[in-house]
Amino acid sequence: MIKFIRDDGLTLNITDYFKIISIEGLGTITQEIFTEKRAVGDGDIITGTRVSSRTVTITACNDYAGQFDTSREKINSFFNPKNTFKMYVTYKNNTVWCECIVDARDLPTNNIFAPQMFTLSVFCPSPYFKSYDDFGEDLSTIVPMMGFPLMISAEKGFVASARNFAQHVFVPNDGAVETYCTIVIEPEENVNGLKIYKNDEEFVLFSIELKAYETVKIDFERRTVEIDGKKVPNCLNRRSTFFAIERGGCNISYSADSNETSTHIYLYYNQLYAGV
């Protein structure tokens with residue numbers, strides 16, 4: 001199944017209107033290899049490599065005459081070249097997605113009585129497909145510590161829940177390459193000296209006080225920090241690095257000089273795959 005979500009929120013499933021005949025480009029990966037000639041000896045010297053962007057081409061057919069007009073109108077109006085899209089692909093019970101734009105679209109008009117054919121090519125600037133799950137875990141989650149039937153002593157108190165301080169939370173990455181995360185911070189009280197570690201080596205350290213009930217977003221791929229939707233420059237210590245989550249995964253933890261137990265830190269990331 002292939003589903004498209006447009007940048008304005010509209011959704012279209014190709015199979016709601018057409019029967020897919022073929023799909024090209026989902027399992028293809030192309031690597032560019034850069035070389036220079038050896039001055040002495042045989043062969044070349046590899047100076048660099050890069051994985052090229054991909055183009056996915058879908059060929060489909062609608063052979064039900066009563067739906068020709070409806071399917072044409074839907075495709076014509078939905079796949080506007082001025083919009084951007086997210087393409088979700090489900091293959092063998094596994095769903096991945098990527099961002100794309102329309103490269104070419106063809107709805108033949110040579111025979112109005114023939115089944116309606118449809119060819120769509122989309123350009124994907126990134127060669128990798130993203131995992132459907134984006135993790136989205138709170139590093140300081142509340143762990144329940146009571147259940148039913150419940151026995152309570154009148155003489156002693158009891159622990160209903162405890163906060164996981166998330167020292168060395170393992171973040172897996174089974175994808176083909178390293179990936180970057182987005183961290184959203186929601187403090188319930190003012191927080192000073194908030195520091196987020198990777199493997200206790202690389203870190204992001206705030207040089208400003210984070211105010212209660214602000215929403216702070218760190219985008220490690222774009223290397224930006226936003227507070228309540230506005231970009232805030234020069235809010236990090238100079239030694240901070242926008243680290244990546246390498247293949248195999250890493251440990252992520254956090255600390256603060258004050259009120260670290262009243263701070264929620266949500267981590268989002270997608271694993272990247274070379275094909276479906």
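**Close-up views of a predicted model**

**View A. Strand β1 meets strand β7.** Strand β1 (residues 2-6) and strand β7 (residues 85-91) run antiparallel and are joined by five bridges, where two strands are said to pair if DSSP finds at least two bridges between them. Strands are DSSP runs (E, at least two residues), numbered from the N terminus. Within this pairing, F4 has M87 in β7 as its bridge partner. This is a predicted model, in which local features need pLDDT of at least 70 and side-chain atom pairs count only at pLDDT 80 or more, while totals for chains, interfaces and linings use all residues. Residues are numbered from 1 along each chain as its sequence is written, and side-chain values use heavy atoms, with hydrogens and water left out.

**View B. The hairpin of β7 and β8.** Strand β7 is also joined to strand β8 (residues 94-106), by seven bridges, and these two strands run antiparallel. Across the pairing, T90 stands opposite T95 in β8. The hairpin has two residues between its strands, and K92 takes a positive phi near 55° there.

**View C. Aromatic rings around F78.** Rings of Phe, Tyr and Trp (its six-membered ring) pair if their centres lie within 6.5 Å; planes under 30 degrees apart count as stacked, over 60 as edge-to-face and the rest as tilted. By this rule the count comes to 12 aromatic pairs. One of them is the tilted pair of F78 and F85, with 5.6 Å from centre to centre and 50° between the planes. F78 is buried, with a relative accessible area of 4%, and F85 counts as buried at 3%, where buried means under 20% relative accessible area, exposed over 50% and partly exposed in between (1.4 Å probe, protein chains only). Both residues belong to one aromatic cluster, formed by F4, F18, F78, F79, F85 and F118. The charged end of R6 sits over the ring of F78, 5.4 Å from its centre; such a charge is counted if NZ of Lys or CZ of Arg is within 6 Å of the ring centre and within 35 degrees of the ring normal.

**View D. Q116 and its partner R72.** Q116 is found in strand β9 (residues 116-124), and it counts as buried because its relative accessibility is 7%. The side chain of Q116 makes a polar contact with the side chain of R72, at 3.2 Å. A polar contact is a pair of N or O atoms within 3.5 Å; within protein, one must be able to donate a hydrogen and the other to accept it, and residues adjacent in sequence count only if both atoms are side-chain atoms.

**View E. An open sheet of four strands.** The strands of this sheet follow the order β14-β21-β16-β17, with antiparallel pairing. The edge strands, β14 (169-171) and β17 (202-205), each pair on one side only. Strand β16 (residues 195-198) pairs with strand β21 (residues 250-255) in the antiparallel sense over four bridges, and K195 has S255 in β21 as its bridge partner. K195 also lies over the face of F203, at 4.2 Å from the ring centre.

**View F. Two cysteines.** C61 is buried, with a relative accessible area of 12%, and C235 is buried as well, with 2%. A search of the whole structure finds zero disulfides, a disulfide being a pair of cysteine sulfur atoms within 2.5 Å.
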